[in-house]
Amino acid sequence: MTLLEIQDLNVGVDSREIIRGLDLMVNAGEVHAIMGPNGSGKSTLSHVIAGKPGYEVTGGHILFRGEDLLEMEPNERAAKGVFLAFQYPVEIPGVTTMNFLRTALNAQRKARGRGELSTPEFLKKVREVAGSLNITRDMLKRGVNVGFSGGEKKRNEVLQMALFEPSLCILDEIDSGLDIDALRIVASGINGLRSPERAMIVITHYQRLLHYIVPDYVHVMSKGRVVKSGSKELALELEACGYAQFETAA
Amino acid sequence: MTQVLAKADAGCATSNFLASALERLPGAGLVPHIRARAFEAYARAGLPHRRMEAWRYTDLRALIGEVLPLAPRPDAAALARAKASARRVAVDQAVKLVLVDGIFAPELSDLGELKNELHVQSLREVLENSATGAMAGLVLSTTDDAVIALNAAMASDGLVISIAEGNTIRRPIQIVQVATGSSVSAFTRSYLQLDKGAHATVVQSFISAEGASGYQANDVLIALAGDEASLSHLRIAADAADAVNISSGIIAVGTRAKLDLFSMTCSGSINRYQGFVTLGGEGSKLSANGVNLVKDKLHADTTIVVDHAVPHCTSRQKFRAVVDDCGRSVFQGRIVVRPVAQKTVASLSTRALLLSDQAAADNKPELEISADDVTCSHGATSGALDNNLVFYLRARGLSEMDAQMLLIKAFIGESIEEIFADNLRDFVTAQAEHWLQERL
């Protein structure tokens with residue numbers, strides 16, 4: 001089943017073109033890696049799918065389960081099952097992680113026509129997932145990401161991903177700022193969420209992450225479009241030869 | 001009496017006003033003379049204006065222009081309206097003392113309760129029963145501030161509360177000041193004395209009864225927290241949308257005594273709270289915090305002057321303002337450290353959140369440090385909500401409004417969480433949330 005269908009997408013910021021005629025099709029159960037040099041438009045793509053304001057879509061479509069995603073508010077997209085793991089998760093002082101998780105989860109459940117979770121149900125669920133990600137109770141009591149290390153922030157993203165049970169996860173450079181141990185924990189958390197109903201788009205610079213999260217497909221982005229697609233072996237090729245060959249191709 | 005009390009432009013006032021008001025103001029013996037002197041002091045200075053540093057952002061001559069005539073004594077209908085409004089802001093478990101249009105209303109107050117622990121009289125009662133004028137000092141104006149001088153001249157009533165040595169009053173004492181009239185003013189003046197080791201919480205709520213509009217409230221609270229005493233004082237101004245409220249707090253804190261001060265302004269047209277705190281005993285501690293919730297055309301000014309007069313005192317201040325529409329929030333925080341006040345620790349943080357393009361915030365921290373072995377810091381910021389935070393929350397399923405609400409609550413929470421007592425913190429939080437809901 002096709003989850004995400006992007007056709008001839010064109011996106012600009014301040015009348016500068018960032019994405020130029022991008023196509024991408026993602027089915028349930030698949031893991032797609034998007035690689036590419038800095039400035040190729042990878043993060044912009046993730047922001048546009050999630051609905052971040054400030055981008056102008058000048059052409060093309062993004063369909064999610066056949067519905068026009070671009071017509072939806074960011075919170076509606078979240079409720080439909082789109083989840084963006086941020087490259088730079090923000091710090092929110094004064095809002096405890098626990099309160100934030102609960103508010104967000106209940107907002108999504110409400111939008112999906114489901115009732116709020118009871119406190120014991122919610123706590124059980126959070127503690128279960130938090131435990132598997134080495135997230136301590138103390139972290140859950142602190143302000144969202146306040147005083148968290150880079151690795152802790154990324155683990156907190158994965159925690160949310162597990163709690164909200166999205167059908168499409170976009171991981172924007174989830175490996176940036178992680179040491180090898182943190183990377184293992186994060187990757188194993190993500191792998192645990194792979195399922196036939198769920199798709200993932202893994203955005204990264206480096207092949208390294210793809211040792212841990214093995215993709216079904218690899219796409220190379222350059223200058224705002226996908227210039228080459230292939231199997232996981234393409235990532236190895238990139239590691240060996242670099243992105244330079246695609247810069248000219250685009 | 002439709003004539004105004006004092007024209008602003010000239011800054012002078014005709015003493016006829018005082019003369020006509022005096023008949024209705026309590027106090028015999030020396031009292032009328034002291035009132036007349038205070039009135040002269042006011043008349044010389046006139047309403048404060050922007051060329052005076054302390055009133056730079058709140059130019060009363062421009063903002064209110066004139067002082068309105070004294071409100072009439074509330075009749076039965078006014079008291080009934082006041083009662084209904086007072087009920088809505090009642091703090092759970094509080095001993096309630098109600099002033100209506102500047103006059104103490106015993107029939108609306110819980111006077112009989114706690115009479116063993118708490119000594120309460122109305123200012124009127126004290127001044128009238130003091131034939132010799134021994135209590136005349138209660139209307140003595142000790143500062144050169146014109147609005148305080150005017151209050152001394154015109155105060156029609158107030159409360160005189162004392163708590164004896166070592167007594168702890170567990171229930172909050174709530175002074176509810178209700179305005180029922182229109183285009184009139186009320187002058188109230190209260191005294192609060194905590195003797196050595198006494199503990200109390202005093203909440204002051206300024207509200208309006210249904211139908212009240214365009215009134216002016218001028219209140220002065222003079223408090224003394226004796227040695228080792230502990231006073232929590234909350235002031236919440238929720239006046240009618242077109243009302244003026246000028247309140248002053250003059251509070252002295254004794255040796256190893258503690259003062260927790262919290263001020264919230266959430267409605268009205270012009271609001272100024274000026275708190276003058278003297279840390280006059282070694283080892284005394286002040287925690288002063290507050291929130292200005294400003295929308296429509298409200299001008300809300302919170303000015304705190306802390307005088308570190310002796311060594312080893314601590315003051316911590318945290319003020320937050322949320323400003324929407326064409327509102328303006330002013331925060332002035334002046335910290336004076338006297339030459340003898342070594343080992344002073346003082347901090348001041350003031351932040352404003354601007355929610356509209358027309359919203360304005362003025363933050364003025366002022367440190368006057370004359371001692372060398374002190375730790376003093378201050379910080380002031382103002383800005384809009386961070387769009388990255390709003391987007392993060394929206395991407396997690398919160399609507400834009402809910403995301404903003406959560407962030408604003410967290411922002412003011414930084415100040416509200418400093419309120420020591422759980423029930424009062426909840427009370428203030430509920431009022432703030434009500435304000436936020438109304439904003440939508």
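## Helix α6 of chain A

In this predicted model, helix α6 of chain A covers residues 150-164, and at 1.5 Å a residue its 15 residues should span 21 Å. The C-alpha atoms at its ends lie 22 Å apart, which agrees with that expectation.

Most of α6(A) is covered, with 14 of its 15 residues buried. Just after this helix comes A:Glu165, whose phi is positive, at about 50 degrees.

## The sheet of chain A

Chain A has an open sheet of 4 strands in the order β2-β1-β4-β5, and the pairing is antiparallel. Strands β2 (16-27) and β5 (67-68) stand at the edges with a single partner strand each, so one side of each has no neighbour in the sheet.

Strand β1(A), residues 2-13, runs antiparallel to β2(A), and 9 bridges join the two. Within this pair, A:Val11 stands opposite A:Ile19 of β2(A). Helix α1 of chain A (residues 42-50) packs on the sheet, where it touches β1, β2 and β4 (56-64). The direction of α1(A) makes about 115 degrees with that of β1(A).

## Two helices of chain B

Which helices of chain B have axes that come within 7 Å? They are α2 (residues 31-45) and α6 (residues 146-154), and their axes cross at roughly 150 degrees. The crossing of α2(B) and α6(B) is left-handed.

On the α2(B) side, the residues in contact include B:Arg35, B:Phe39 and B:Tyr42. Among those they meet in α6(B) are B:Ala146, B:Leu150 and B:Met154. By class, the contact between α2(B) and α6(B) has 11 nonpolar residues, 1 charged residue and no polar ones.

Conventions
Residues are numbered from 1 along each chain as its sequence is written. Chains are lettered from A and ligands numbered from 1 in the order in which they are written. This is a predicted model: local features need pLDDT of at least 70, side-chain atom pairs count only at pLDDT 80 or more; totals for chains, interfaces and linings use all residues. Side-chain values use heavy atoms; hydrogens and water are left out. Two strands pair if DSSP finds at least two bridges between them. Contact means heavy atoms within 4.5 Å. Axes are lines fitted to C-alpha atoms, for helices over the stretch in contact, and angles run from 0 to 180 degrees between N-to-C directions. A crossing is left-handed if the near helix is turned anticlockwise from the far one by less than a right angle, and right-handed if clockwise. Ala, Val, Leu, Ile, Met, Phe, Trp, Tyr, Cys and Pro count as nonpolar, Asp, Glu, Lys and Arg as charged, and the others, Gly among them, as polar. The expected span of a helix is 1.5 Å times one less than its number of residues. Buried means under 20% relative accessible area, exposed over 50%, partly exposed in between (1.4 Å probe, protein chains only).
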